[in-house]
Amino acid sequence: MANDQGNSYGAFPIYNPQSPPVLLSYRLETCATLDVFRGQFVQINSRGNAQIIAPSDNVAACGVIWTVAAPNFAGLTTGMTSLSQGAYIPRNTDARVGVIIDPQQLYLMEEITGGTAMSANSIGYLVNFTYTATTGNTVTGYVNTVLQNSTIAVGTGPLLQLMGLQDIINQDGTQNASGASAKWVVRIANHQFNGTKLSVPQG
């Protein structure tokens, strides 16, 4: 028996004290090398645009992308209306994105397979994300981000904070448990709207 793999890629909003999640609309900083997917972490750059961040950037995030519109809000952006394409934003495409911006927002994320698995003792620590083989799923439109267990740390390093294991049942009837593909509840520790990065005292 094992945790389901691939069911929870990306950052999926689950709990929020101001339910439903708070979204603000930003113009997306176009990128020549990356497609853009739902559940992807972004920051607000110096031009006031939402910009995709990479695991190695070590910068604050303002939230995750959750909705998409054309630059003038006139329906879907160019590229998303094609019947031969899934629900993602192709690279070099102008768009506006709805970003979940609440620093208290909690997200469901899946742990990577391989490496030393995180455990209940890891709760409260910081961890970073990484991509699987591809940036996102061009059929479902969700980003392929997972928690990188090799980055678990104290202090003010990685982007995210582990809040606990999610209480859910796997498709085979077993309980979600620590190990490969475990489903964790996280929040953004290094959030642009927090004013300061959360520090973790354990260790």
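1. Y142 is partly exposed, because its relative accessibility is 26%. The term covers the range between buried (under 20% relative accessible area) and exposed (over 50%), with a 1.4 Å probe and protein chains only.

2. A word on the basis. This is a predicted model: local features need pLDDT of at least 70, side-chain atom pairs count only at pLDDT 80 or more, and totals for chains, interfaces and linings use all residues. Residues are numbered from 1 along each chain as its sequence is written, and side-chain values use heavy atoms, without hydrogens and water.

3. Now the rings. Rings of Phe, Tyr and Trp (its six-membered ring) pair if their centres lie within 6.5 Å; planes under 30 degrees apart are stacked, over 60 edge-to-face, the rest tilted. The count is five aromatic pairs. One of them is F12 with W66: the centres are 5.4 Å apart and the planes stand at 85 degrees, so this pair is edge-to-face.

4. F12 lies in strand 1 (residues 12–13) and W66 in strand 5 (residues 63–69), 54 residues apart. Strands here are DSSP runs (E, at least two residues), numbered from the N terminus. F12 is partly exposed at 37% relative accessible area. W66 is buried, at 17%.

5. W66 also pairs edge-to-face with Y142, at 6.1 Å centre to centre and 65 degrees between the planes. Y142 sits in the loop between strand 8 (126–136) and strand 9 (143–153), so the pair ties together parts 76 residues apart in sequence.

6. F12, W66 and Y142 make one aromatic cluster.

7. What sits over the ring of W66? The charged end of R38 does, 4.6 Å from the ring centre. The rule asks for NZ of Lys or CZ of Arg within 6 Å of the ring centre and within 35 degrees of the ring normal.

Notes. Helix = DSSP H or I, 4+ residues; strand = E, 2+ residues; numbered from the N terminus.
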